[in-house]
Amino acid sequence: DAEETDRAVQALKLGRGHLYVTLDCIYLKDLGVNDTARRMRRAVSTIHAQLEQADRWIDAWLQAEREAKHKARAQAEAADKSFTP
């Protein structure tokens, strides 16, 4: 879902700002890898590595969100089943 992905990208700002800036330059500013590397004063290979790191981090964030929602849903269902009026 696009909203969840956006929340994951925004979460990069806290502690992984360099990955957020990389994604911002590549996807929002449409600079491409070479111009992003120049702007960030990094090697092209570093930008590629940061894109891979961001992808892995976002995947892990989304998985953790799914697991948290599943756990909350299961707890709610268990509470509903144990409630007897």
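Me: Let's start with Lys29. How exposed is Lys29?
Reply: Lys29 is partly exposed, because its relative accessible area is 42%. Keep in mind that this is a predicted model.

Me: What does the side chain of Lys29 meet in a salt bridge?
Reply: Asp24. The two side chains form a salt bridge, at 2.3 Å from N to O.

Me: And is Asp24 buried or exposed?
Reply: Buried. Asp24 has 14% relative accessibility, and the cut-off for buried is under 20%.

Me: How many salt bridges does the count come to?
Reply: The count comes to four salt bridges. One of them joins Arg7 and Glu65 through their side chains, at 2.7 Å from N to O.

Me: Where do Arg7 and Glu65 lie?
Reply: Arg7 is in helix 1, residues 2-11, and Glu65 is in helix 4.

Me: What does Asp35 form a salt bridge with?
Reply: With Arg38. Their closest N and O atoms are 2.4 Å apart. Both sit in helix 3, three residues apart, so about one helical turn separates them.

Me: What about exposure for that pair?
Reply: Asp35 is partly exposed, with a relative accessible area of 35%. Arg38 is exposed, at 58%.

Me: OK, at what angle do helix 2 and helix 3 cross?
Reply: At roughly 135 degrees, and their axes come within 9 Å. Helix 2 covers residues 17-28. The two helices are therefore oblique to each other.

Me: Which hand does the crossing of helix 2 and helix 3 have?
Reply: It is a right-handed crossing.

Me: Which residues meet there, between helix 2 and helix 3?
Reply: From helix 2, look at His18, Val21, Thr22, Cys25 and Ile26. From helix 3, look at Gly32, Val33, Thr36, Arg39 and Met40. By class, this contact of helix 2 with helix 3 has five nonpolar residues, four polar and one charged.

Me: Now helix 3 against helix 4. How do their axes cross?
Reply: At roughly 105 degrees, with the axes coming within 8 Å. Helix 3 spans residues 32-40 and helix 4 spans residues 44-82. That angle makes helix 3 roughly perpendicular to helix 4.

Me: Which residues of helix 3 and helix 4 meet?
Reply: Helix 3 brings Val33, Asn34, Thr36, Ala37 and Met40. Helix 4 brings Val44, Ile47, His48, Gln50 and Leu51. The residues of this contact of helix 3 with helix 4 divide into six nonpolar, four polar and no charged.

Me: What does Gln50 touch, leaving out residues up to four places away in sequence?
Reply: Gln50 touches His18, Leu19, Thr22, Met40 and Arg42.

Me: Where do I find Asp30 and Arg41?
Reply: Asp30 lies in the loop between helix 2 and helix 3. Arg41 is in the loop between helix 3 and helix 4.

Me: How exposed are they?
Reply: Asp30 is exposed, with a relative accessible area of 64%. Arg41 is exposed as well, at 79%.

Me: Last one, Lys13. Where is Lys13 found?
Reply: Lys13 is in the loop between helix 1 and helix 2. Lys13 counts as partly exposed, at 45% relative accessibility.

Me: How far apart are Lys13 and Glu67?
Reply: In sequence, Lys13 and Glu67 are 54 residues apart. In space, they are 22 Å apart, C-alpha to C-alpha.

Key. Residues are numbered from 1 along each chain as its sequence is written. This is a predicted model: local features need pLDDT of at least 70, side-chain atom pairs count only at pLDDT 80 or more; totals for chains, interfaces and linings use all residues. Side-chain values use heavy atoms; hydrogens and water are left out. Axes are lines fitted to C-alpha atoms, for helices over the stretch in contact, and angles run from 0 to 180 degrees between N-to-C directions. Helices (H or I, at least four residues) and strands (E, at least two) are DSSP runs, numbered from the N terminus. Angles under 35 degrees count as roughly parallel, over 145 as roughly antiparallel, 65 to 115 as roughly perpendicular and the rest as oblique. Contact means heavy atoms within 4.5 Å. Ala, Val, Leu, Ile, Met, Phe, Trp, Tyr, Cys and Pro count as nonpolar, Asp, Glu, Lys and Arg as charged, and the others, Gly among them, as polar. A crossing is left-handed if the near helix is turned anticlockwise from the far one by less than a right angle, and right-handed if clockwise. Buried means under 20% relative accessible area, exposed over 50%, partly exposed in between (1.4 Å probe, protein chains only).
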